[in-house]
Amino acid sequence: MCLDWIQSIKGYSSLDFIGFYLLYWCVPDSRGVRIAYFHLLNNNNPALQDLKVSWKMNTLRAFWNSPIGPKTTHFWGPTFNWSLPLAAAMDTKKPPEAISVNMTAVMCIYSALFMRFAWVVRPRNLHLLACHVSNETVQLYQLSRWIRAQRGYDQKKEEAAGEE
């Protein structure tokens, strides 16, 4: 079944998938519309090309006017918030001694609290949730790097004290 679907998508542009993505994740309560859009994608009839274009425009308009679309802070807040996990991911290249354990712990608590907020707020903001799950993951990784470095530092300190 999945192989049939993969073989059926070869003739579609990236706009088809962008439209499907926007419809699937960004427009609340649109299951029936998603199914109709999927069937529209799977029909290779050239007479439906104009309908596909208007469908894409309707999808874009629905996303633009949705409660979590680009006209709202539910969209732009998470968009700019992605700078936090990206910065933390770039910091994974730095040595563990350069990690601020206090700031990393604060960021872990912050992301955990806002993951709950993103789930509870109406309309539910999955974009913000994904951002904070990513941030929590990277911050916990940074914290584990710092802990491993501290253990190694403590072991070296004990070995040096034992030799004296």
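User: What makes the crossing of α7 and α8 left-handed?

Analyst: A crossing is left-handed if the near helix is turned anticlockwise from the far one by less than a right angle, and right-handed if clockwise. In this predicted model, the crossing of α7 and α8 falls under the left-handed case. Helices here (H or I, at least four residues) are DSSP runs, as are strands (E, at least two), numbered from the N terminus.

User: Why is α7 called roughly antiparallel to α8?

Analyst: The two axes, which are lines fitted to C-alpha atoms over the stretch in contact, cross at roughly 155 degrees and come within 8 Å. Angles run from 0 to 180 degrees between N-to-C directions; under 35 degrees counts as roughly parallel, over 145 as roughly antiparallel, 65 to 115 as roughly perpendicular and the rest as oblique. The value for this pair lies over 145, so α7 is roughly antiparallel to α8.

User: How do you know whether S111 is buried or exposed?

Analyst: Buried means under 20% relative accessible area, exposed over 50% and partly exposed in between (1.4 Å probe, protein chains only). S111 has 0% relative accessibility and therefore counts as buried. This residue lies in helix α7 and, leaving aside neighbours within four places in sequence, is in contact with H132, N135 and E136. Of the 164 residues of the protein, 27% count as buried.

User: Why are α5 and α8 called roughly parallel to each other?

Analyst: Helix α5 (residues 73-81) and α8 pack at an angle of about 15 degrees, with their axes 8 Å apart. That angle lies under the 35 degrees of the definition, so the pair counts as roughly parallel. F75, P78, T79 and N81 in α5 meet H127, L128, C131 and H132 in α8. By class, this contact has four nonpolar, four polar and no charged residues.

User: What makes α6 roughly parallel to α8?

Analyst: Helix α6 (residues 83-90) and helix α8 (residues 126-163) pack at about 25 degrees, with axes 8 Å apart. This angle is also under 35 degrees, which makes α6 roughly parallel to α8. Their crossing is left-handed.

User: What is the confidence in the model, and where is it lowest among the elements?

Analyst: The predictor's confidence in each residue is given as pLDDT, from 0 to 100. The mean for the protein is 77, and 67% of its residues reach 70 or more. Over residues 1-7, pLDDT stays under 50.

User: Which conventions apply to the values?

Analyst: Residues are numbered from 1 along each chain as its sequence is written, and side-chain values use heavy atoms, with hydrogens and water left out. As this is a predicted model, local features need pLDDT of at least 70 and side-chain atom pairs count only at pLDDT 80 or more, while totals for chains, interfaces and linings use all residues.

Terms used: Contact means heavy atoms within 4.5 Å. Ala, Val, Leu, Ile, Met, Phe, Trp, Tyr, Cys and Pro count as nonpolar, Asp, Glu, Lys and Arg as charged, and the others, Gly among them, as polar.
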